[in-house]
Amino acid sequence: MTTPTYIHGEELSMQSYRALIGWVNNQEGIQLLLGRNPMPTDDIAHLQQTIADCRAAVTTRPVFIPTNPIVDAGDDLLLKAVK
Amino acid sequence: MVNLREVLAFQKMINTEGLEARLAAARTSKERLFELCLPTNQPLPPSGAIVDQDGKGLTLSALNPNLRVVGNQVSDTQIPTAPNTPPLRVQALTFFVMMGSSYLVIVRYRDRYFVRDGYHRAVGLLHEGIDVVPCILLDAQNFEQDVVLSQPQAFLPYEVLYGERPPRLVDFWDDEVSQTVQRPAARKVIRIRADEFVVQG
């Protein structure tokens, strides 16, 4: 995956994404929340707070215990057909 | 079948555009759900390309980010030159492009299960409350080659994924740890250009 190329001054069509802010570093979090690289004029204090809140929410979670997500489909005919 | 609530995510973000339209059919029947997760018809790459004015370059693009170059081939071939003259023997330098597999793929590596392909669908299915879905399950031998497909820089790092609190797929919808963001729409573009050089020696 490469970083998209932007043409300065050209209007961009924007799309919605969901981003896992709680697991990225501060710099990347700011970039994700802004949708671009920060500029000196950007007020990033509230973005840094959002990132800090997300990261804090992750750290308060219980430790992950690996579980097997495979579900026995039994005699599902459709699944048998796919196999 | 796999329970998507128990699966981890290594992709940092997912595009949520068009989710409802894409998942509308899957809600109606099990057959449609199977077709969404394990489609019988694979997406085809763009059928045309823009040719450079000098005939030495090709550009093709798609909204689907899975468009990619998957190989090349060097072979002998013949091309016609003019009527009533024998064809000219040339070397064909061919690049192959494809959209990638459109199956929902879950990969198991060191006792953890990740979505490898099909993030858009999988996250959308969770949003619709559809947790248990059919998928292709693979066992990975190598994290970089089999899990993140040699693009580790594009995804969350290994230390996070094998840390104490890795992100689950369902976390994309948890506002405590994830956010909706706006990003420029992007097209995947492949550009192939044949340049000629004279090199001394």
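This report walks through chain B of a predicted model and its contacts with chain A.

## Model and confidence

Local features need a pLDDT of at least 70 in this predicted model, side-chain atom pairs count only at pLDDT 80 or more, and totals for chains, interfaces and linings use all residues. Residues are numbered from 1 along each chain as its sequence is written, while chains are lettered from A and ligands numbered from 1 in the order in which they are written.

Chain B averages a pLDDT (the predictor's confidence in each residue, from 0 to 100) of 90, and 98% of the residues score at least 70. For the complex, the predictor gives an ipTM of 0.84 and a pTM of 0.80.

## Overall shape of chain B

You will find five helices and 12 strands in chain B; these are DSSP runs numbered from the N terminus, with helices (H or I) of at least four residues and strands (E) of at least two. The radius of gyration, taken over C-alpha atoms, is 22 Å, well over the 17 Å that the globule rule (2.2 Å times the number of residues to the power 0.38) gives for 201 residues, so chain B is more spread out than a compact globule. Along the principal axes, its C-alpha atoms fill a box of roughly 70 × 45 × 35 Å.

Of the 201 residues in chain B, 24% are buried, where buried calls for 20 or more other C-beta atoms within 10 Å of the residue's own, with C-beta atoms placed from the backbone. Two residues are in contact if their C-beta atoms, placed from the backbone, lie within 7 Å. Among contacts in chain B between residues at least 6 apart in sequence, 70% join residues at least 24 apart.

## Where chain B meets chain A

Here 42 residues of chain B are in contact with 34 residues of chain A. On the chain B side, β11(B) gives the most, with six residues. That side divides into 22 nonpolar (Ala, Val, Leu, Ile, Met, Phe, Trp, Tyr, Cys and Pro), eight polar (the others, Gly among them) and 12 charged residues (Asp, Glu, Lys and Arg).

Strand β11(B) also pairs with strand β1 (residues 14-19) of chain A, in the antiparallel sense over six bridges; pairing requires that DSSP finds at least two bridges between the strands. Within β11(B), Arg183(B) is the bridge partner of Gln15(A).

## A three-stranded sheet

Chain B also holds an open antiparallel sheet of three strands in the order β3-β4-β12. Its edge strands, β3 (50-51) and β12 (188-193) of chain B, each pair on one side only. Two bridges join β3(B) to β4(B) (residues 57-62) in the antiparallel sense, and Thr59(B) of β4(B) is the bridge partner of Ile50(B).

Terms used:
Buried ≥ 20, exposed ≤ 12 C-beta atoms within 10 Å, placed from the backbone.
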